[in-house]
Amino acid sequence: PTSLQYSDLLTASATIVTPTGTAAPAGSVQFQIDGDNFGPAEPVSSSGASFTGQILKGPNGLTVPGTNTLKATFTPADPTHYSASTPGSAGFTLSQEDARAYYTGALLASTGSINNTTANVTLAATIKDITAVTGDPASDQYPGDIRNAIVTFVNRDASGAVLCSAPIGLVSLSDSTVGTATCTSTPLLANTTAGGSQYTIGIVVSGYYTRNLQTDDQVINVYIPQSNFITGGGYLNNTSSAGQYPGAIGQRTNFGFNVKYNKSGTNLQGNINVIVRNNGRVYQIKGNSMTSLATLVCTANPCPTTTSASTATFNGKASIQDITDPLNPISIDGGATLQVTMTDFGSPTSDKIGITVWNKSGGLWFASNWDGTRTVEQTLAGGNLSVH
């Protein structure tokens, strides 16, 4: 073929050309793409050889996109009486595989204090190989490795100015088609007159994959906070936890947190403690470096209620430890990115929370309730949340 996408199936064939009247000698043919071996050396049969396989990233990498050279080198089985002539070659264009992008980062973010006019916002997205999207007309049956993509978050309102870029890590180590990426934006200004500003955030996927459509854009609001705080504690009964350190189905994930601004409103303070249990191990997620607290406090009377709720989102940094043996804790990650969303209905039996932790490589460490693309808030099995 003259044109294929990354991870597509390629059938490469070669014919051994010999002097008239002579049969091709026994031997093998090694196919290569730009210097990378494409499969094992294939034995010659009926004066030729062929190999079929996916075009995946080799040890030296493939040029994406661009023109690549497919080369076939014949090695005779009897080098004493036969010698190979020059290798055969052909060119074809290798293009990027299709990806799908879903924004999962903060939609509402606060500046660091009432005296600060800028915010560094946690931006995050779930990226899927097209084969992981059921029913998509562009889908095919040949998956690649989504970690060969790169995610860049851009400001559509500023001609696509780059806010930050991030590699992709997997949600599950057994599935190379679904990954996540997260990074912290360059400073975004909150309008002091209006009390905030809105930004249109775009997701650009590059590398061995491609995606850059405004249908994936999200609007985030950056505002200057007033006096607000949140607190909560309780547990979830795990039903759909995910990540490389998920909570086991049927077991509890316990949590407690307090996040607020100091009395002068100049500094955001807080901490969170989450206990996760899985496969006989116990993991602890702790965070005490908070970067943003955004609240929407209901104004009805009474408030909050099951029909008039208050919501909050906070972001920060977290560490993860294996604390199965409390005398010998094992550090897993010390610079993870944390995002918590919650809804306070005023009734402890109705309150909901969603907890997400991404590792430094962009992969998903933990999601309290994963729907295949993002963390969805889950009703507490016990405890209470309070948004002020």
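Biologist: Let's start with serine 159: is it buried or exposed?

Modeller: Serine 159 counts as exposed, because its relative accessibility is 78%. Keep in mind as we go that this is a predicted model. Serine 159 is in the loop between β13 (149–155) and β14. Its phi is positive, about 55 degrees, although it is not a glycine.

Biologist: Okay, and what about the phi of aspartate 34?

Modeller: Aspartate 34 has a positive phi as well, about 45 degrees, and it is not a glycine. You'll find aspartate 34 in the loop between β3 (27–33) and β4 (36–37). With 30% relative accessibility, it counts as partly exposed.

Biologist: Let's zoom out. How many helices and strands does the protein have?

Modeller: There are zero helices and 30 strands. The radius of gyration is 27 Å, well over the 21 Å that the globule rule gives for 388 residues, so the protein is more spread out than a compact globule.

Biologist: What does the C-alpha trace span along its principal axes?

Modeller: About 95 × 50 × 35 Å. Buried residues make up 49% of the 388 residues. If you take contacts between residues at least 6 apart in sequence, 63% of them join residues at least 24 apart.

Biologist: Now the cysteines. How many disulfides are there?

Modeller: Two. Counting bonded cysteines along the chain, the pattern is 1-2, 3-4. One of the disulfides joins cysteine 164 to cysteine 183, with 2.0 Å from S to S. Cysteine 164 is in strand β14 (residues 161–167) and cysteine 183 is in strand β16 (residues 175–184), so this pair ties together parts that are 19 residues apart in sequence.

Biologist: Are those two cysteines buried or exposed?

Modeller: Cysteine 164 and cysteine 183 are both buried. Their link is right-handed, with 65 degrees about the S-S bond.

Biologist: And which residue does cysteine 298 pair with?

Modeller: Cysteine 298 is joined to cysteine 303, and the S to S distance in the model is 1.4 Å. That link is right-handed too, with 110 degrees about the S-S bond. Cysteine 298 counts as buried because its relative accessibility is 14%, whereas cysteine 303, at 28%, counts as partly exposed.

Biologist: What kind of peptide bond runs from cysteine 303 to proline 304?

Modeller: A cis one, with omega near -5 degrees. A cis peptide bond also joins asparagine 301 and proline 302, where omega is about 5 degrees. Proline 302 is in the loop between β24 (281–296) and β25, and proline 304 lies in the loop between β24 and β25 too.

Biologist: Changing topic: how many aromatic pairs does the structure hold?

Modeller: Eight. Among them is tyrosine 6 with tyrosine 209: the ring centres are 5.5 Å apart and the planes are at 75 degrees, so the pair is edge-to-face. This pair links distant parts of the chain, 203 residues apart, with tyrosine 6 in the loop between β1 (3–5) and β2 (9–15) and tyrosine 209 in strand β19 (residues 209–210). Tyrosine 6 is buried, at 1% relative accessible area, and tyrosine 209 is buried at 0%.

Biologist: Which residues form an aromatic cluster with Tyr6?

Modeller: Tyr208 and Tyr209 form one aromatic cluster with Tyr6.

Biologist: I also spotted lysine 128. Which ring does its charged end sit over?

Modeller: The ring of tyrosine 102, at 5.3 Å from the ring centre. Another case is arginine 252, which lies over the face of tyrosine 235 at 3.8 Å from the ring centre.

Biologist: Last one: where is threonine 253, and what does its side chain contact?

Modeller: Threonine 253 is in strand β22 (residues 252–261). A polar contact of 2.8 Å joins its side chain to that of asparagine 238. Threonine 253 is buried, with a relative accessible area of 1%. Leaving out residues up to four places away in sequence, the residues that threonine 253 touches include Tyr235, Leu236, Val274, Ile275 and Phe366.

Biologist: Great, thanks for walking me through it!

Key:
Residues are numbered from 1 along each chain as its sequence is written. This is a predicted model: local features need pLDDT of at least 70, side-chain atom pairs count only at pLDDT 80 or more; totals for chains, interfaces and linings use all residues. Side-chain values use heavy atoms; hydrogens and water are left out. A disulfide is a pair of cysteine sulfur atoms within 2.5 Å. Helices (H or I, at least four residues) and strands (E, at least two) are DSSP runs, numbered from the N terminus. Buried means under 20% relative accessible area, exposed over 50%, partly exposed in between (1.4 Å probe, protein chains only). A polar contact is a pair of N or O atoms within 3.5 Å; within protein, one must be able to donate a hydrogen and the other to accept it, and residues adjacent in sequence count only if both atoms are side-chain atoms. Contact means heavy atoms within 4.5 Å. Rings of Phe, Tyr and Trp (its six-membered ring) pair if their centres lie within 6.5 Å; planes under 30 degrees apart count as stacked, over 60 as edge-to-face and the rest as tilted. A charge sits over a ring if NZ of Lys or CZ of Arg is within 6 Å of the ring centre and within 35 degrees of the ring normal. The radius of gyration is taken over C-alpha atoms; the globule rule is 2.2 Å times the number of residues to the power 0.38.
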